[in-house]
Amino acid sequence: SRKRVLFVCLGNICRSPAGEGVFKQYVAERGLDSEYQADSAGTSAYHVGEPPDRRMRQAASRRGLDLTGRSRQFSDIDFERFDLIVAMDRSNLRSIRSMDRQGRHQDKIKLFSDFVGDGFPEDVPDPYYGGRDGFDTVLDLLEEGMDGLLEHLDGGSRG
Ligand code: 4NP
(Lines give C-alpha, C1' and ligand atoms only; values in the text may rest on other atoms or scores of the structure.)
Protein backbone atom coordinates (compact mmCIF):
# COMPACT_ATOMS: atom_id res chain seq x y z
CA SER A 1 0.00 0.00 0.00
CA ARG A 2 1.02 3.61 -0.42
CA LYS A 3 3.24 5.20 2.17
CA ARG A 4 1.59 8.13 3.85
CA VAL A 5 3.40 11.22 5.08
CA LEU A 6 1.95 14.14 7.03
CA PHE A 7 3.68 17.53 7.21
CA VAL A 8 2.93 19.53 10.36
CA CYS A 9 3.55 23.18 11.30
CA LEU A 10 1.76 25.64 13.57
CA GLY A 11 -0.88 27.22 11.33
CA ASN A 12 -1.05 24.78 8.40
CA ILE A 13 -1.10 27.76 6.06
CA CYS A 14 2.61 28.33 5.29
CA ARG A 15 5.26 25.69 5.93
CA SER A 16 3.32 22.42 5.99
CA PRO A 17 1.16 23.06 2.90
CA ALA A 18 4.41 24.00 1.16
CA GLY A 19 6.02 20.77 2.40
CA GLU A 20 3.08 18.79 1.12
CA GLY A 21 3.21 20.59 -2.23
CA VAL A 22 6.96 20.22 -2.73
CA PHE A 23 6.74 16.54 -1.77
CA LYS A 24 3.88 15.85 -4.20
CA GLN A 25 5.69 17.63 -7.03
CA TYR A 26 8.89 15.74 -6.29
CA VAL A 27 7.04 12.42 -6.27
CA ALA A 28 5.10 13.22 -9.45
CA GLU A 29 8.26 14.21 -11.33
CA ARG A 30 9.70 10.80 -10.54
CA GLY A 31 6.59 8.88 -11.57
CA LEU A 32 6.02 7.69 -8.01
CA ASP A 33 2.43 8.87 -7.50
CA SER A 34 1.22 5.33 -6.95
CA GLU A 35 3.64 4.84 -4.06
CA TYR A 36 3.09 7.86 -1.83
CA GLN A 37 0.35 9.94 -0.30
CA ALA A 38 0.82 13.27 1.47
CA ASP A 39 -1.21 15.66 3.56
CA SER A 40 -0.57 18.48 6.04
CA ALA A 41 -1.95 19.75 9.33
CA GLY A 42 -1.32 22.37 12.02
CA THR A 43 -0.76 21.93 15.74
CA SER A 44 -2.91 25.04 16.30
CA ALA A 45 -6.48 25.78 15.27
CA TYR A 46 -5.69 29.44 14.47
CA HIS A 47 -6.39 29.19 10.76
CA VAL A 48 -8.63 26.14 10.43
CA GLY A 49 -10.59 26.20 7.17
CA GLU A 50 -8.34 28.76 5.48
CA PRO A 51 -6.41 28.17 2.26
CA PRO A 52 -2.61 28.47 2.30
CA ASP A 53 -1.26 31.99 2.95
CA ARG A 54 -1.32 34.13 -0.19
CA ARG A 55 2.38 34.98 0.15
CA MET A 56 3.29 31.29 0.29
CA ARG A 57 1.02 30.52 -2.67
CA GLN A 58 2.75 33.26 -4.67
CA ALA A 59 6.24 32.05 -3.79
CA ALA A 60 5.23 28.49 -4.65
CA SER A 61 3.62 29.45 -7.93
CA ARG A 62 6.87 31.08 -9.05
CA ARG A 63 8.27 27.53 -8.87
CA GLY A 64 5.39 25.99 -10.76
CA LEU A 65 3.76 24.73 -7.61
CA ASP A 66 0.04 25.12 -6.92
CA LEU A 67 -0.74 24.92 -3.21
CA THR A 68 -4.24 23.69 -2.46
CA GLY A 69 -6.16 22.43 0.55
CA ARG A 70 -7.53 24.02 3.68
CA SER A 71 -5.98 24.29 7.11
CA ARG A 72 -6.93 21.60 9.59
CA GLN A 73 -5.70 20.82 13.06
CA PHE A 74 -3.53 17.80 13.78
CA SER A 75 -5.52 15.12 15.61
CA ASP A 76 -4.88 11.82 17.42
CA ILE A 77 -6.28 9.93 14.44
CA ASP A 78 -3.31 11.14 12.40
CA PHE A 79 -1.04 8.87 14.45
CA GLU A 80 -2.96 5.91 13.03
CA ARG A 81 -3.42 7.22 9.51
CA PHE A 82 0.15 8.16 8.65
CA ASP A 83 3.41 6.25 8.41
CA LEU A 84 5.57 9.33 8.87
CA ILE A 85 4.77 12.61 10.62
CA VAL A 86 7.20 15.43 9.82
CA ALA A 87 7.33 18.46 12.12
CA MET A 88 8.61 21.69 10.61
CA ASP A 89 10.28 22.91 13.78
CA ARG A 90 11.21 21.76 17.27
CA SER A 91 8.26 23.46 18.89
CA ASN A 92 5.79 21.58 16.71
CA LEU A 93 7.82 18.40 17.19
CA ARG A 94 7.36 18.75 20.97
CA SER A 95 3.62 19.36 20.57
CA ILE A 96 3.14 16.26 18.45
CA ARG A 97 5.33 14.08 20.66
CA SER A 98 3.36 15.13 23.73
CA MET A 99 0.04 14.25 22.08
CA ASP A 100 1.25 10.65 21.76
CA ARG A 101 0.46 9.94 25.41
CA GLN A 102 1.22 6.23 25.36
CA GLY A 103 4.37 6.72 23.32
CA ARG A 104 3.30 4.19 20.71
CA HIS A 105 4.05 6.43 17.72
CA GLN A 106 7.30 8.16 18.63
CA ASP A 107 9.22 6.31 15.94
CA LYS A 108 7.15 7.77 13.14
CA ILE A 109 7.54 11.38 14.32
CA LYS A 110 10.50 13.22 12.78
CA LEU A 111 11.89 16.73 12.53
CA PHE A 112 12.14 17.95 8.94
CA SER A 113 15.77 18.97 9.41
CA ASP A 114 16.61 15.31 10.09
CA PHE A 115 16.52 15.00 6.30
CA VAL A 116 18.86 17.86 5.39
CA GLY A 117 22.61 17.89 5.70
CA ASP A 118 24.77 19.72 8.21
CA GLY A 119 24.83 23.48 7.81
CA PHE A 120 21.08 23.87 7.52
CA PRO A 121 18.89 25.24 10.30
CA GLU A 122 17.25 22.84 12.79
CA ASP A 123 13.93 24.58 12.30
CA VAL A 124 12.15 25.48 9.09
CA PRO A 125 11.80 29.15 10.03
CA ASP A 126 8.28 30.45 10.59
CA PRO A 127 7.74 32.95 7.75
CA TYR A 128 4.38 34.32 8.93
CA TYR A 129 5.49 37.60 10.52
CA GLY A 130 8.53 38.19 8.34
CA GLY A 131 9.11 39.54 4.84
CA ARG A 132 8.72 38.00 1.43
CA ASP A 133 12.15 36.35 1.46
CA GLY A 134 11.08 34.06 4.28
CA PHE A 135 8.73 32.18 2.00
CA ASP A 136 11.46 31.45 -0.52
CA THR A 137 13.78 30.38 2.28
CA VAL A 138 11.16 27.86 3.40
CA LEU A 139 10.79 26.46 -0.13
CA ASP A 140 14.57 26.24 -0.58
CA LEU A 141 14.91 24.30 2.65
CA LEU A 142 12.03 21.98 1.79
CA GLU A 143 13.55 21.19 -1.59
CA GLU A 144 16.85 20.48 0.12
CA GLY A 145 15.32 17.79 2.32
CA MET A 146 13.26 15.87 -0.23
CA ASP A 147 15.94 13.37 -1.29
CA GLY A 148 16.58 12.42 2.32
CA LEU A 149 12.89 12.23 3.10
CA LEU A 150 12.19 9.91 0.16
CA GLU A 151 15.15 7.76 1.11
CA HIS A 152 13.81 7.48 4.63
CA LEU A 153 10.30 6.57 3.44
CA ASP A 154 11.71 4.06 1.04
CA GLY A 155 13.47 2.23 3.84
CA GLY A 156 16.22 1.30 1.41
CA SER A 157 13.81 -0.88 -0.59
CA ARG A 158 14.83 0.77 -3.83
CA GLY A 159 18.50 -0.01 -3.14
P1 4NP B 1 2.85 28.09 9.54
O2 4NP B 1 2.98 29.68 9.77
O3 4NP B 1 2.93 27.45 10.93
O4 4NP B 1 4.02 27.79 8.71
O5 4NP B 1 1.53 27.84 8.87
C6 4NP B 1 2.22 30.35 10.72
C7 4NP B 1 0.93 30.75 10.41
C8 4NP B 1 0.19 31.42 11.35
C9 4NP B 1 0.72 31.72 12.58
C10 4NP B 1 2.00 31.32 12.89
C11 4NP B 1 2.75 30.63 11.95
N12 4NP B 1 -0.05 32.42 13.52
O13 4NP B 1 0.46 32.69 14.62
O14 4NP B 1 -1.20 32.79 13.25
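Trainee: Which residue has a polar side-chain atom 2.7 Å from an oxygen atom of the ligand?

Mentor: Bear in mind that this is a predicted model. A polar contact is a pair of N or O atoms within 3.5 Å, and here a polar side-chain atom of Arg15 lies 2.7 Å from a ligand oxygen atom. The backbone takes part as well: a backbone N or O atom of Leu10 is 2.9 Å from an oxygen atom of the ligand, while a polar backbone atom of Gly11 is 2.8 Å from an oxygen atom of the ligand. On its own the ligand has 350 Å² of accessible area, of which the protein covers 94%.

Trainee: Where does the ligand sit, and which residues surround the ligand?

Mentor: The ligand sits in the largest pocket. Its surroundings include Cys9, Leu10, Gly11, Asn12, Ile13, Cys14 and Arg15, together with Tyr46, His47, Asp126, Tyr128 and Tyr129. Sorted by class, this shell holds 7 nonpolar, 3 polar and 2 charged residues.

Trainee: Why does Tyr128 count as partly exposed?

Mentor: The class follows from relative accessible area, where buried means under 20% and exposed means over 50%. Tyr128 counts as partly exposed because its relative accessibility is 25%, a value computed with the protein chains only as cover.

Trainee: How many residues apart in sequence are Tyr128 and Thr68?

Mentor: They are 60 residues apart in sequence, and their C-alpha atoms are 18 Å apart in space.

Terms used: Residues numbered from 1 in each chain as written. Predicted model: local features only at pLDDT ≥ 70, side-chain atom pairs only at ≥ 80, totals over all residues. Heavy atoms only, no water. Near = heavy atom within 4 Å. Polar contact = N/O pair within 3.5 Å; in protein donor to acceptor, adjacent residues only side chain to side chain. Areas by Shrake-Rupley, 256 points an atom, 1.4 Å probe, with all protein chains shown as cover. 1 Å grid on protein atoms, 1.4 Å probe; cavity = no way out; pocket = protein on both sides within 12 Å on 5 of 7 lines; lining within 4 Å. Sits in = over half its atoms within 2 Å of the grid points. Nonpolar A, V, L, I, M, F, W, Y, C, P; charged D, E, K, R; others polar. Buried < 20%, exposed > 50% of the residue type's maximum accessible area, 1.4 Å probe, protein only.
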